[in-house]
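Reader: I would like to learn how to read the features of a structure such as this one. Please show it, then take me through the features in turn.

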Amino acid sequence: MPTRALTQPLPLKLTSTGFLLVWCVIAAFPIFWIAVMSFKSPVDAFAGNPFQVIFGPATLAQGKGISVLDIVLGLAVIWATARVATRTLPRLIASHAPAGYAWAGWIIGSLTLAVGFVVVFFGLLPAVLNALSPIFGPLGRDVIGLSTEHYKTVWIDRGFSNNFQNSLIVTAGVVTVSLTVGTLAGYGLARSGSNLAFGILIVALIFRALPHSVLVAGYLPVFINSAEWLRPILGENAPTLYGKPWAVIAVLVAINQPFTIWMLRSFFQNIPAELDEAARVDGCSHFQAFRRVIMPVMWPGVITTGLFSFLLGYNDFLVTSLLLDAQNQTMVPAIAGMFNRETTTTDQVVAVAAAVSITAPLFFLVMVFQRQIVSGLTAGAVKG
Amino acid sequence: MNSRTFAAFVGPSVFMMLLFIAFPLISVFTQSFYVTQPVYETVEVETCTPGFLSQTCEIQRKSIPKLDEDGSVIQETRFVGLDSYRNVLEPERAWKAISSLDWGAFQAIDFWKALRFTLTFTLFTLPLVLGLGLTIALVLNNTAKMLRGPVIFVTLLPFIITPVIGALSINWLFRGDGILTALIENLLNRDIALFAQAWTLEILMMGYRVWHVAPFAAIVFYAGLQTVNSDALESALIDGASRWQRLRYVVIPHLMPLIVFVSMIHLMDSYRVFEEVVGFSSQGHVISLQWLTYDFLVPDQAGNRSISRASASAMLTMIGISLLLVPLLRRTWRDHKGGH
């Protein structure tokens with residue numbers, strides 16, 4: 001290709017770089033800003049002057065802040081953790097985990113690392129810093145106002161850990177069930193060219209477009225009265241479905257099913273049908289071929305679909321807020337309740353801290369699984 | 001694959017969709033024609049207050065809910081035909097407003113207000129999402145390979161964030177004297193209140209949606225740009241096509257299927273606009289169709305949920321979705337037929 005004709009004139013290059021820069025700022029700014037706000041006292045957090053929000057003089061005046069030394073050592077610990085996670089951990093797992101159990105190695109390794117990080121960062125580091133600060137003089141003096149009191153309020157006083165557990169239960173349930181049911185269906189649909197299979201896909205597409213409130217309007221009366229209706233079948237201990245996490249899991253799995261089977265089908269179609277034919281010739285049944293031959297090469301697709309199921313379960317507001325009672329409430333509806341009730345600016349900053357707590361896991365998710373998310377976004381699209 | 005194995009593979013998924021999607025749809029449809037209410041009875045209550053010489057007594061007629069022997073309220077379900085729809089649509093009031101050309105009175109009816117916003121929202125955000133997504137994709141495709149990873153990471157953040165939280169985070173930038181409000185006030189040199197009237201709220205909500213969805217469009221288009229035929233580009237170059245012409249006549253036609261795909265997904269999703277209303281607490285000024293159904297479903301102060309009205313508004317919302325889906329289904333059907 002004649003490269004010279006394709007090189008771009010300088011003004012175009014500058015404009016495009018500038019545009020990209022502006023977009024990155026717009027994309028990241030709101031998230032970055034609520035993260036900053038959550039660490040400040042209410043006066044600083046809602047100040048009109050951006051520098052006051054960042055440096056937090058009012059927070060500093062209350063005696064809560066961090067020094068240059070704190071920042072340097074804190075960053076060092078984070079950097080070391082990241083280094084261990086990306087370099088040392090894979091090597092250790094490769095050398096120590098028995099073949100075929102690498103996933104167990106990863107789970108144990110990441111848990112150990114997470115616990116180690118929490119111990120060092122929140123246990124060891126403050127003690128060391130307390131001892132070191134007086135020695136370093138000006139470097140040890142607080143320069144930026146920062147306080148974690150709002151996180152303490154949210155997680156301990158407001159019982160957010162309870163909501164976190166509920167979110168965890170609902171999300172884990174949604175991902176597991178929806179992948180189990182979805183991979184089977186996706187495989188069946190990909191390998192069958194019948195009109196019935198196509199019909200199912202089309203109906204699934206229609207279901208995907210339905211507003212969720214329509215479905216919830218259908219569930220609510222049934223769920224609330226389910227104990228009466230189920231009594232003839234299940235006897236005296238018939239459950240009321242309203243407020244039960246597993247009922248919500250079933251609902252979210254069903255809502256997510258159309259998307260899951262479309263996506264998994266497109267991943268399965270990429271795997272040549274010769275592979276399972278070969279397995280069938282060797283005497284496998286359809287199900288054995290699926291389990292022993294297809295699933296091992298399907299992991300990337302399954303992980304990607306699992307990520308999107310996770311997002312649906314984790315991000316849902318409408319279904320969980322209407323179908324769960326206060327005791328089983330997940331994080332997102334809980335924060336909306338917090339937000340409606342808020343009266344003082346302190347309440348608002350507490351809500352901001354809760355919002356950041358909800359966003360943090362998603363942030364790490366993108367960091368670890370960026371490639372899979374991109375492939376998931378494009379999988380459905382490129383093949384139409 | 002014979003039909004039995006096919007059924008075994010697909011069965012669980014189809015069963016779940018039937019039980020939790022198709023069945024609720026049917027029950028919503030029937031609910032919208034029935035109303036379940038407590039049975040009321042009228043009783044005469046004599047209340048006496050002590051007075052001078054004699055008591056002052058008055059007899060009042062009160063309607064109270066009937067109780068059964070367990071002491072719980074007796075509920076009664078009866079067929080009301082299209083009454084729930086009439087309650088949602090309020091045709092007389094709407095017609096009166098239309099015939100007197102009174103837009104304000106027309107928009108005072110919740111359903112029409114929600115419909116107006118939902119449609120405006122859908123139509124305004126679509127071109128913005130496509131335009132911004134395409135621009136980001138083109139620019140991203142132009143930058144050094146080293147920068148692309150980090151830029152994609154940042155781009156994914158608005159897409160991945162919980163919608164309610166995303167809306168809230170933008171809300172907090174503007175709420176009260178949030179820093180962006182302060183910035184705009186400085187520029188315009190006057191006081192502004194972004195949360196006090198409908199149109200500013202609508203702009204914020206659309207801005208949030210574009211911020212949230214443009215990354216999706218950008219990533220899809222970026223993937224499409226990787227497969228642009230370089231021979232076609234080269235021959236266009238030899239024919240003397242300018243940069244703009246190459247974009248217009250080679251790149252965009254190549255991306256056309258993806259543009260259609262993103263538009264369809266976006267139309268479906270933005271027709272369901274809901275989280276914005278919660279995140280911006282805009283229900284006093286701006287509501288959407290899905291929020292209307294949600295609001296009927298949330299218990300009111302007396303603890304009652306207006307299920308039948310919610311069902312009626314849900315069915316009306318569905319009509320819009322079906323209109324939207326017809327072209328998409330026709331296209332998919334044509335592709336399927338063409339593929340065989």
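Author: We can start with a salt bridge, counted where a side-chain nitrogen of Lys or Arg lies within 4 Å of a carboxyl oxygen of Asp or Glu. B:Asp269 makes one with A:Arg208, and their closest N and O atoms are 3.4 Å apart. This pair crosses between chains, running from helix α11 (residues 243-271) of chain B, which holds B:Asp269, to helix α10 (residues 195-209) of chain A, which holds A:Arg208. Helices here are DSSP runs of H or I with at least four residues, strands are runs of E with at least two, and both are numbered from the N terminus.

Reader: What should I know about the model and its numbering before going on?

Author: This is a predicted model, in which local features need pLDDT of at least 70 and side-chain atom pairs count only at pLDDT 80 or more, while totals for chains, interfaces and linings use all residues. Residues are numbered from 1 along each chain as its sequence is written, chains are lettered from A and ligands numbered from 1 in the order in which they are written, and side-chain values use heavy atoms, with hydrogens and water left out.

Reader: Is B:Asp269 buried or partly exposed?

Author: A residue is buried under 20% relative accessible area, exposed over 50% and partly exposed in between (1.4 Å probe, protein chains only). B:Asp269 has a relative accessible area of 23%, so it is partly exposed.

Reader: Which residues are linked with B:Asp269 in a network of salt bridges?

Author: The network joins A:Arg208, B:Asp269 and B:Arg272. Over all chains, the count by this rule is 4 salt bridges.

Reader: What is the general idea behind such pairs, and where are B:Arg116 and B:Glu202?

Author: Side chains of opposite charge can pair when their charged atoms come close. B:Arg116 and B:Glu202 meet in a salt bridge at 2.9 Å, N to O. Their pair links distant parts of the chain, with B:Arg116 in helix α5 (residues 110-142) of chain B and B:Glu202 in helix α9 (residues 198-225) of chain B, 86 residues apart. B:Arg116 is partly exposed at 27% relative accessible area, whereas B:Glu202 counts as buried at 10% relative accessibility.

Reader: Which residue forms a salt bridge with B:Arg209?

Author: B:Glu276 does, with the closest N and O atoms 2.6 Å apart. This pair also links distant parts of the chain: B:Arg209 belongs to helix α9 of chain B and B:Glu276 to helix α12 (residues 275-279) of chain B, 67 residues apart. B:Arg209 is buried at 7% relative accessibility, and B:Glu276 is buried with a relative accessible area of 0%.

Reader: What is B:Ser311 in contact with?

Author: Contact means heavy atoms within 4.5 Å. Leaving aside neighbours within four places in sequence, B:Ser311 is in contact with B:Val28, B:Gln31 and B:Ser32. B:Ser311 sits in helix α14 (residues 307-339) of chain B and is buried at 0% relative accessibility.

Reader: Where does UniProt place the "transmembrane region" annotation in chain B?

Author: UniProt positions are given in the numbering used here, feature names are shortened, and annotations may be inferred rather than shown by experiment. The UniProt record, an unreviewed entry, lists spans of chain B that include residues 249-268 and 310-329. Residues 249-268 of chain B are 100% helix and 0% strand, with end C-alpha atoms 28 Å apart. Residues 310-329 of chain B are 100% helix and 0% strand as well, and their end C-alpha atoms lie 27 Å apart.

Reader: What can be said of chain A as a whole?

Author: Chain A has 18 helices and 2 strands. Of its 384 residues, 48% are buried. The C-alpha atoms of chain A fill a box of roughly 75 × 70 × 50 Å along the principal axes.
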